[in-house]
Structures are given as C-alpha cells and as structure tokens.
Amino acid sequence: MFDTFLSLLQPTTLLIILAATALGIILGAIPGLSGGLGVALLLPITFGMDPHIGLAMLVSIWIGGVSGGMIGSILLGIPGSPSSIATTFDGYPMTRNGEAVKALGAAIVASFIGTALSILIAMFLSPFMARMALKLGPWEYFSLGFCAIALVAALARGSIFHGMAAAALGLLLSTVGFAPIDGYARFTFGSIYLSGGIDLIALMLGLFALKQIVQDHARGEQQIPEVDVSQIRGFGVTLREYIDNAWNICRSFMIGLWIGFLPGMGSALSNMVAYAQAKSASKHPEKFGKGCVDGVFASETSNNASVGGALIPMVALGIPGDGTTAILLGGLMIHGIQAGPLLFANNPDIVYALFLTAILAAVITLVLQYFGMRLFPAILKIPYHYLYPAIVVLGFIGVFVGSSTAFNYVLLLGFAALGLLMDKVKLPVGPFILAFILGPMLELNLRRGITYTDEGVWPFFTRPISALLLAVAAFSIVWPYLSPWIKARRAAVPGKE
C-alpha cells in the first residue's frame with residue numbers, strides 16, 4: 001500500500017489528480033452538470049493510460065463533483081446535482097441572510113469529513129459490509145425506499161398531508177415510460193421522447209433554477225445582502241457550532257454510508273434522509289428552512305459519506321452502488337480488471353490506488369475550496385441582469401447535454417411552471433423529488449418481492465428488517481397527528497386535578 005501511495009505522489013500523477021479534482025468541483029457547481037458527467041466524458045481517454053493514472057483521474061473528478069455541487073446550492077439556490085438538493089433548503093436562506101461564507105465553510109468541512117472517513121471505512125470493512133448488503137432482498141429495498149419517502153414527507157414544511165401529496169405526485173411522474181419488468185408503455189401519449197421516462201436533470205433545473213429565477217424576478221427579490229469576508233476566520237463556523245453538531249454529523253455520516261453501499265441508492269437519497277433526521281432530532285426544528293447551519297452539516301456529510309459507501313459493493317462484489325460507480329466499473333473493465341471478490345487477491349494495487357486516490361482528492365478538494373470560499377461569494381456581486389440570463393442558458397445547455405434532445409426544453413419549462421404551482425398550493429419540493437428518484441426502484445422491488453414467492457405481499461411484513469422499516473414509516477406518518485393529541489392530554493392532566 002505504501003508503494004502505491006508513493007506512486008500517486010509522482011509529479012505527473014499528482015498534477016492529474018489536482019486538475020481532475022478542480023474540474024470535478026467546477027462541473028459539480030454548474031447546474032445540470034456533475035462529476036459523474038465528467039467521469040463519463042473522460043472515460044474513453046483512460047483507455048491509453050496506465051490503469052493507476054486513469055483510475056486516479058476518474059475518481060478525482062467524482063470526488064470533486066460531489067463536493068462541488070454545494071456551491072450552486074448555497075449561493076444560487078440551484079443544486080449542482082441531485083446529491084445537493086437538501087443543501088439548498090438551508091444553504092440558500094443562509095446566503096439571503098448574509099451568511100454565505102459560513103454556509104460554504106460548514107459544507108466544506110462536512111464534505112471532507114464525509115468523504116475521508118467513508119473511504120477509510122470502505123478500505124477496511126468492504127468485504128464485511130458487502131456481505132451484509134447481499135442478505136437484503138427486494139422486500140427490504142422496497143421498505144427502505146418507502147420509509148425514506150415517509151420520513152421526508154412527514155418532516156416537510158406544512159402538514160403531513162401536503163408532504164404525502166407531493167410524494168404521490170412524484171411517484172406518479174416516475175411511472176412515465178416503460179414498466180420495469182413487462183416493458184409496457186405508460187403515460188407516454190405516443191411520444192418516443194417519454195418512452196425512457198422523464199429526465200431528472202430537466203425536472204431538477206425546472207423546479208429549482210428556472211422557477212427560482214421567475215419567482216425572484218416577479219417578487220423583485222434580486223438583491224442579496226452584502227457578504228463581508230474580511231472578518232471571517234477559518235471556515236467561518238464557531239467551535240460551539242461544531243460541538244453542537246457533533247451528533248448530527250455522526251448520524252448523517254452513518255446514514256450516508258449505509259445508503260451509499262446499498263446498490264441503486266446513493267447520495268441523492270442520503271442527503272434528503274439525513275436532512276429529515278436532523279430536523280426531526282433538532283431542539284429547534286422551526287429554524288430549518290430559514291437558514292440553519294445544522295441542515296447544511298447534515299446534507300453535506302451524508303451525501304459525501306455515500307461516496308465511500310458506493311465503493312464498497314463495487315470493489316467487493318462488482319456491483320455498482322450508483323451511476324458513477326457503474327462508469328468506474330466500466331473503466332476497470334476497459335483495462336481488463338474484473339471487480340469483485342477476487343479483486344483483492346488479483347489486483348490489490350488497484351484497490352489501494354482507488355481508495356488512496358479518493359482520500360488524496362478529498363484533501364485537495366478541502367484545500368481548493370478553503371481558499372476559494374472567500375472568492376465564491378463574488379458570484380453574488382454579478383448584476384442580476386447578467387447572472388440570471390447566464391443561469392438560464394446554462395440550464396438549457398445542461399438539459400440538452402444529458403439527453404441530446406430538444407424535447408427536454410419543453411420539460412424544463414413545464415417543471416418550472418409546476419414548481420410555481422406547487423409553491424402556490426404549498427406542496428413541498430423535497431418529498432416530490434425524492435419520490436420521483438426512488439419511484440422506479442420502489443416499483444421494481446415491489447413487483448419482484450410479490451413474484452419471488454407464493455405468499456404475495458406477506459414477506460414485506462414478516463421479514464424482520466422489512467417489517468421494522470415499514471413500522472418506522474407508519475409511525476412517522478401517524479406521529480404528526482398523535483403528537484398534538486398527546487401534548488393536549490398531558491396539558492389537561494393538572495387541570496383535572
């Protein structure tokens with residue numbers, strides 16, 4: 001392992017890692033693009049490279065991209081990628097309150113903690129944790145997804161009814177396209193452009209970027225408070241705030257690591273679940289959504305912890321944990337390297353290079369973002385009659401790059417209108433996005449679970465882990481109605497006496 005580490009410190013390799021990490025941060029910050037896109041674009045280039053260098057370049061772009069997504073979320077209220085959606089909930093309000101640097105500092109520290117610790121755990125516990133994941137069947141995966149949606153819906157702003165209604169709308173839209181098992185076309189209305197489903201990038205940019213621009217312009221809220229960076233020390237977060245968020249960070253880290261190493265899940269889910277848990281456990285949940293640093297810590301710790309989690313099944317089982325690790329798996333195959341249980345025995349140097357590069361890229365990301373965090377708020381000084389058109393243009397480019405079809409422009413405009421309507425009727429965006437992302441996975445595992453046995457739906461309730469997750473989901477839905485009743489009963493006891 002030491003020899004592998006020294007090879008990564010060679011000037012050429014180190015320069016490639018530095019450049020790739022910086023590129024990943026930039027791609028992550030631009031709405032509609034991501035580190036995963038960078039990995040896909042540069043994958044063919046690695047064919048002629050040494051496997052260690054090629055893999056180091058791809059991993060570095062990925063690490064930088066996951067962390068870079070928080071820049072747009074915090075400064076513009078537009079998530080650079082699905083992994084940073086929850087960061088917008090408190091990061092952007094902090095920017096509007098003049099605390100942009102503090103939000104960036106918290107996100108940078110949380111990103112480093114999540115990435116570095118998850119990679120270290122992945123290095124030593126990959127085989128053990130992967131064996132645990134193999135014991136989970138479609139019943140547990142369905143229950144986990146349903147539990148995540150229920151938790152987020154129950155803790156969304158407004159009533160539980162609004163949260164569940166938004167989740168139901170998200171699930172409905174996720175069914176557009178071909179059914180996962182029998183391939184039956186649903187809600188396509190004869191259009192070939194809808195046969196593959198609704199594009200997530202178009203949905204995300206419409207709901208966040210375009211809707212936010214139209215809303216701000218209509219309300220006349222184009223002015224952001226001046227951000228004074230001269231008085232900022234360190235990362236702009238006090239020691240007391242770190243101490244107060246210690247358990248929040250630990251809990252969010254474990255959520256991100258666990259969800260990350262479950263195949264098909266990833267940081268798009270973990271950041272939402274961790275945010276919901278942070279709000280649920282907080283002593284001041286009413287501050288969430290108004291500029292609470294706790295929400296930034298939760299979201300950024302969990303989505304970066306999913307990086308190490310996603311590497312575990314890829315390395316130990318040859319099963320990609322998310323879309324980006326699927327591309328990395330292809331990178332290994334290009335060089336004739338087969339991921340799976342034998343990878344540790346046949347190519348231990350590749351395994352160590354993978355993990356050590358990720359840690360090195362996390363350190364480089366921390367350094368680059370630390371020195372850049374005082375420069376990032378300069379984006380807010382750009383006149384809005386220049387900034388808004390630039391964001392719109394980037395949004396239209398982003399939806400086209402992902403699919404190479406102009407039909408996504410229609411979807412972009414449509415979801416911007418839907419976002420405005422949802423705000424009007426007070427439907428929260430969080431449960432809607434999460435349900436849309438998890439919808440295909442929920443349906444696939446529901447249908448698999450029903451067909452794998454002759455017992456129908458009963459295994460969902462009789463298998464211990466599945467039953468426990470469904471019980472948590474049911475409790476989270478019922479609790480908002482029970483809690484006021486219990487409080488009223490307790491308050492009435494002294495009066496009765």
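## Salt bridges across the chain

A salt bridge is a side-chain nitrogen of Lys or Arg within 4 Å of a carboxyl oxygen of Asp or Glu. With that in hand, have a look at glutamate 241 and lysine 102 in this predicted model: their closest N and O atoms are 2.4 Å apart, and the two form a salt bridge. Glutamate 241 sits in helix 10 (residues 239-244) and lysine 102 in helix 6 (residues 100-134), so this pair ties together parts of the chain that are 139 residues apart in sequence. Both glutamate 241 and lysine 102 are buried.

The structure holds six salt bridges. Another of them brings together the side chains of glutamate 140 and arginine 463, at 2.8 Å from N to O. Here, too, distant parts of the chain are linked: glutamate 140 belongs to helix 7, while arginine 463 lies in the loop between helix 20 and helix 21 (464-496), 323 residues apart. Glutamate 140 is buried, with a relative accessible area of 6%, whereas arginine 463 is partly exposed at 27%.

Next, turn to arginine 186 and glutamate 443, whose side chains meet in a salt bridge (2.5 Å, N to O). Arginine 186 is in strand 2 (residues 185-186) and glutamate 443 in helix 19 (residues 429-452), a link between distant parts of the chain, 257 residues apart. Arginine 186 has 19% relative accessibility and counts as buried; glutamate 443 is buried as well, at 17%. Salt bridges with shared partners join Arg186, Glu443 and Arg447 into one network.

## Aromatic pairs

Searching the whole structure turns up eleven aromatic pairs. In one of them, the ring centres of phenylalanine 142 and phenylalanine 146 are 6.2 Å apart and the planes meet at 10°, so the pair is stacked. Both residues lie in helix 7 (residues 138-155), four residues apart, which is about one turn of the helix. Phenylalanine 142 is buried, with a relative accessible area of 15%, but phenylalanine 146 is partly exposed at 31%.

Tyrosine 275 and phenylalanine 288 make an edge-to-face pair, with 5.6 Å centre to centre and 75° between the planes. Tyrosine 275 lies in helix 12 (residues 267-281) and phenylalanine 288 in the loop between helix 12 and helix 13 (293-317), so the pair ties together parts 13 residues apart in sequence. Both tyrosine 275 and phenylalanine 288 are buried. Ring pairs also link Phe89 with Tyr275 and Phe288 in a cluster.

## Confidence in the model

The chain averages a pLDDT of 81, and 86% of the residues score at least 70.

Key: Residues numbered from 1 in each chain as written. Predicted model: local features only at pLDDT ≥ 70, side-chain atom pairs only at ≥ 80, totals over all residues. Heavy atoms only, no water. Phe/Tyr/Trp six-rings, centres within 6.5 Å; stacked < 30°, edge-to-face > 60°. Helix = DSSP H or I, 4+ residues; strand = E, 2+ residues; numbered from the N terminus. Buried < 20%, exposed > 50% of the residue type's maximum accessible area, 1.4 Å probe, protein only. pLDDT = per-residue confidence, 0-100.
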